[in-house]
Amino acid sequence: MPHYRAKSTLEQWRILQAVVDCGGYAHAAEKLNKSQSSLNHAVSKLQQVLGVQLLEIKGRKAELTHVGEVMLRRSRQLTQTVYELEQLACNMEQGWEPEIKLALEMVFDRDDLIPALKDFQEHGRGSRLTIEDTVLTGTLEHIRNESADLVVTHQLPKGFLGEPIHDYYMDLVCHPSHPLAQQDSPISQDELAQHLQIVIRDTATQPAEEGGWLKAEQRWTVSHFDEALRLVRSGLGFCWLPPYIAQRAMQKGSLRKLELKGSTCRKGSLYLVLPKGEKTGPCSRLLADLILRHTPKRQTDDMEASAG
């Protein structure tokens, strides 16, 4: 196989596709700006080297044989692969990245990203996209180390700029049958500290507890909000959760919002950061522009109203 020499050419397959798509040799010749005889010769030669009949003339129209249908379908995969290969070479020559990484702070509602991603799929030139969930200092680590092309973060490290895209907030919640739900509101921090807290694991390689309320004597750590929600709904502890995770459960009555003395909820802003600055490639900048275009900044007051 390594020394196999192809009997057919890519041009012959493209001509066959044009003849079928155009409904005959005459229209295909006009589309390709070639003579009808040259197209006829190319298809005949292709059938000869393959040893099978691909087209048969019925009246004035060239129609595929059963074998031709199978071969045409496979040939389209071949020409598409070649096109993508050539496009990749062109993209790389222009500095277009074949793959980019987007790091998202987990408090960011992914549904808000869908319109931008749909647009990116259409205009991203086939570049691969990796989306990574990050938490706390794990998000900042991607920015400082330039290990992601785009980052949505709740905090801007010193020396970096970011474009605000959203406000966020998180509610303190537990199951309605949990002892904390039976306490008079607002609850003191000392009372809260006596119960199990469910926290989300910091994704940094060297986590630093720079934010959040982490004073509970008992603490269970999970890797995602979905797991935290499952534990809290089972009555095992309390947790800070964003509305896109907790809102439905609160509406159904399977979660209770707690009022804490000195803090009704946790609020903040989310920023879109390009950690590589001027070194950011055109594909990454395209995605950044789409995110900013499709994700208008949402005010916290509006979020609170919709969650209520």
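**Entry 1: the whole chain**

I began with a count: the protein chain has 11 helices and 11 strands. Helices (H or I, at least four residues) and strands (E, at least two) are DSSP runs, numbered from the N terminus. I then looked up the radius of gyration, which is 29 Å, well over the 19 Å that the globule rule gives for 308 residues, so the chain is more spread out than a compact globule. That radius is taken over C-alpha atoms, and the globule rule is 2.2 Å times the number of residues to the power 0.38.

I noted that this is a predicted model, in which local features need pLDDT of at least 70 and side-chain atom pairs count only at pLDDT 80 or more, while totals for chains, interfaces and linings use all residues. Residues are numbered from 1 along each chain as its sequence is written, and side-chain values use heavy atoms, with hydrogens and water left out.

Along the principal axes, the C-alpha atoms of the chain fill a box of roughly 90 × 45 × 40 Å. The accessible surface is about 17,600 Å², and 48% of it belongs to carbon and sulfur atoms. Accessible areas come from the Shrake-Rupley method with a 1.4 Å probe; for residues, only the protein chains shown count as cover. I found that 41% of the 308 residues count as buried. Buried means under 20% relative accessible area, exposed over 50%, and partly exposed in between (1.4 Å probe, protein chains only).

Among contacts with a separation of 6 or more, 70% come from residues 24 or more positions apart. Contact means heavy atoms within 4.5 Å.

**Entry 2: helices α2 and α3**

Two packed helices are described by the angle between their axes and the distance between the axes. I looked up both for helix α2 (residues 25–32) and helix α3 (residues 36–50): their axes come within 8 Å and cross at roughly 110°. That makes α2 roughly perpendicular to α3. The axes are lines fitted to C-alpha atoms, for helices over the stretch in contact, and angles run from 0 to 180 degrees between N-to-C directions. Angles under 35 degrees count as roughly parallel, over 145 as roughly antiparallel, 65 to 115 as roughly perpendicular and the rest as oblique.

Which residues meet here? From α2 I listed Tyr25, Ala26, Ala28, Ala29 and Leu32; from α3, Gln36, Leu39, Asn40 and Val43. By class, this contact of α2 with α3 has seven nonpolar, two polar and no charged residues. Ala, Val, Leu, Ile, Met, Phe, Trp, Tyr, Cys and Pro count as nonpolar, Asp, Glu, Lys and Arg as charged, and the others, Gly among them, as polar.

**Entry 3: two glutamines in helices**

I checked Gln47, which lies in helix α3. Gln47 counts as buried, at 17% relative accessibility. Not counting residues up to four places away in sequence, Gln47 touches Val52, Gln53, Leu54 and Leu55.

Next I checked Gln17, in helix α1 (residues 10–22). Is Gln17 buried or exposed? At 10% relative accessibility, Gln17 counts as buried. Leaving aside neighbours within four places in sequence, Gln17 is in contact with Leu72, Ser75, Arg76 and Thr79.

**Entry 4: backbone exceptions**

Most residues other than glycine have a negative phi, and most peptide bonds are trans. I looked for exceptions.

Asn33, in the loop between α2 and α3, has a positive phi of about 60° although it is not a glycine. Asn33 is exposed, with a relative accessible area of 71%.

Glu146 is not a glycine either, and has a positive phi of about 55°. I found Glu146 in the loop between α6 (137–145) and β5 (150–153). Glu146 is partly exposed, at 30% relative accessible area.

A cis peptide bond joins Ser185 and Pro186, with omega about -5°. Pro186 is in the loop between β6 (163–174) and α7 (189–192).

What does Lys261 contact, leaving aside neighbours within four places in sequence? I listed Pro186, Ile187, Ser188 and Gln189. The C-alpha atoms of Lys261 and Ile187 are separated by 5.8 Å, though the two are 74 residues apart along the chain. Lys261 is in the loop between β10 (256–257) and β11 (266–273), and is partly exposed at 47% relative accessible area.

I ended with Glu97, in the loop between α4 (66–93) and β3 (99–105). Glu97 counts as buried, at 12% relative accessibility. Not counting residues up to four places away, Glu97 touches Ser127, Gly281, Pro282, Cys283 and Ser284.
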